[in-house]
Amino acid sequence: MWSRFMTFALPISFAFSLLLAGCGGGGSSGDQASNVTLANVSLPAITDETYENGSPTRTTLPSFLVSADVQGNLASLNGKTIYVIVEDRDGFVQRASVVAPLRQVGTTIYVETKTFGPPPGRYTSGFVIKVCLDSNCTTQLGGSPIVVPYDITVLPGLVLNSNAAVSLTSRVNTRTERTVPLTLPTGLLYYPDDFLPYAGKPRLDKQDIPFQPALDWRVDSSSSPTATVIGNAAAAGSYSDNLVLYAEVQTPKGKRFRLEAQVPVLYTVTP
């Protein structure tokens with residue numbers, strides 16, 4: 001099913017140059033404002049690789065720009081709001097916005113991708129951009145919708161505990177451990193044999209928990225990788241922090257990324 005979300009609404013005052021993501025004009029699901037038309041659309045070629053669980057703070061699928069001209073009676077848009085609605089069936093797009101300043105020729109739109117991709121697999125479809133005169137998109141500008149085709153391969157990523165929070169419980173001054181599953185990503189890089197003391201080990205980097213002495217954790221990256229969370233507190237109460245793990249990877253096409261997996265840990269200590 002298509003996911004449908006409004007990404008940008010622009011009030012029009014004097015002249016209007018629209019920038020949007022899309023490819024060539026397509027059919028319309030509503031009426032069209034034939035006196036204003038999108039033309040000369042410049043599209044990116046989106047053939048790429050990304051990861052299902054890239055990073056909470058950065059994307060592994062690049063965001064992109066598309067440019068277009070707006071032709072026709074722009075004065076007819078004075079005082080109106082232009083709505084840009086994106087249909088994204090596979091869930092790659094986070095949001096889109098117009099790049100200022102608006103220009104009658106060569107206006108551009110910035111399409112921001114999500115930091116997390118869909119499940120692993122190959123996805124071939126198109127991002128559908130509708131440029132409308134109302135929030136329900138019953139009236140579109142001429143040349144809308146515009147479709148940006150894509151061919152994207154999603155690779156298995158770095159995953160801690162299936163992206164779920166980790167919970168521990170123990171009594172005061174009683175050490176407790178919880179082993180959680182760790183999924184290593186496709187294309188994980190390893191240190192060279194002469195890189196001591198990490199020779200032959202995977203390029204995993206665990207972030208310590210320096211400000212939470214009640215919690216610690218370790219990573220075992222053997223043939224059956226796991227992460228073990230350790231709790232031990234001298235006072236009753238609730239303790240929490242985040243487990244953060246990084247991995248250096250390279251895709252089959254040679255793209256290199258630093259992936260990040262992050263899940264919260266909740267530790268309850270009773271008297």
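**View 1. Serine 170 stands opposite valine 269 of β18.** This close-up comes from a predicted model. The two strands here are β12 (residues 166-171) and β18 (residues 256-270), which pair in the parallel sense over 6 bridges. On the confidence side, β12 has the highest mean pLDDT among the elements of the protein chain, at 95.

**View 2. Strands β17 and β18 make a hairpin.** β17 covers residues 237-250 and runs antiparallel to β18, with 14 bridges joining the pair. The hairpin has 5 residues between its strands, and glycine 254 in the turn shows a positive phi of about 95 degrees.

**View 3. Here is the largest nonpolar core, with 29 residues.** Leu158, Leu160, Val166, Leu243 and Tyr267 are the members with the most contacts inside this core. At least two of its residues come from each of β12, β13 (176-183), β15 (215-220), β16 (226-231), β17 and β18. The largest share belongs to β18, which hands over 7 residues. In soluble globular proteins, nonpolar side chains tend to be buried together.

**View 4. Leucine 158 and its contacts, leaving aside neighbours within four places in sequence.** Among its partners are Leu182, Thr183, Leu184 and Pro185, while Leu245, Tyr246 and Ala247 are also in contact with leucine 158. Further contacts include Leu259, Glu260 and Ala261, plus Asn53 and Leu204. Apart from the core of 29 residues lies another core, of 27 residues, including Leu38, Ile46, Val93 and Ile129.

**View 5. A cavity lined by residues including Tyr51, Phe92 and Phe116.** The count of cavities of 30 Å³ or more comes to 1, and the largest cavity has a volume of about 40 Å³. Its lining also includes Thr50, Thr60 and Leu61, along with Lys114, Thr115 and Gly117.

**View 6. A cis peptide bond joins serine 144 and proline 145.** Omega is about 5 degrees for this bond. Proline 145 sits in the loop between β9 (139-142) and β10 (146-155).

**View 7. Two residues with positive phi, neither of them a glycine: cysteine 137 and asparagine 161.** Cysteine 137 has a phi of about 55 degrees and lies in the loop between β8 (121-132) and β9. Because its relative accessibility is 4%, cysteine 137 counts as buried. Asparagine 161, with a phi of about 50 degrees, is in the loop between β11 (159-160) and β12. Asparagine 161 has a relative accessibility of 10%, so this residue counts as buried too.

**View 8. Strand β1 (residues 4-11) has the lowest mean pLDDT among the elements of the chain, at 49.** The pLDDT is below 50 over residues 10-28, yet this stretch has 87 contacts in the model beyond near neighbours in sequence. For the protein chain, the average pLDDT is 81, and 84% of the residues score at least 70.

View 9. Of its 271 residues, 44% count as buried. Looking at contacts with a separation of 6 or more, 75% of them are between residues 24 or more positions apart.

How values were computed: Residues numbered from 1 in each chain as written. Predicted model: local features only at pLDDT ≥ 70, side-chain atom pairs only at ≥ 80, totals over all residues. Heavy atoms only, no water. Pairing = 2+ DSSP bridges. Helix = DSSP H or I, 4+ residues; strand = E, 2+ residues; numbered from the N terminus. Core = buried A, V, L, I, M, F, W, Y, C linked by side-chain atoms within 4.5 Å. Buried < 20%, exposed > 50% of the residue type's maximum accessible area, 1.4 Å probe, protein only. Contact = heavy atoms within 4.5 Å. pLDDT = per-residue confidence, 0-100. 1 Å grid on protein atoms, 1.4 Å probe; cavity = no way out; pocket = protein on both sides within 12 Å on 5 of 7 lines; lining within 4 Å. Points joined across faces, edges and corners; volume = space filled by probe spheres on them.
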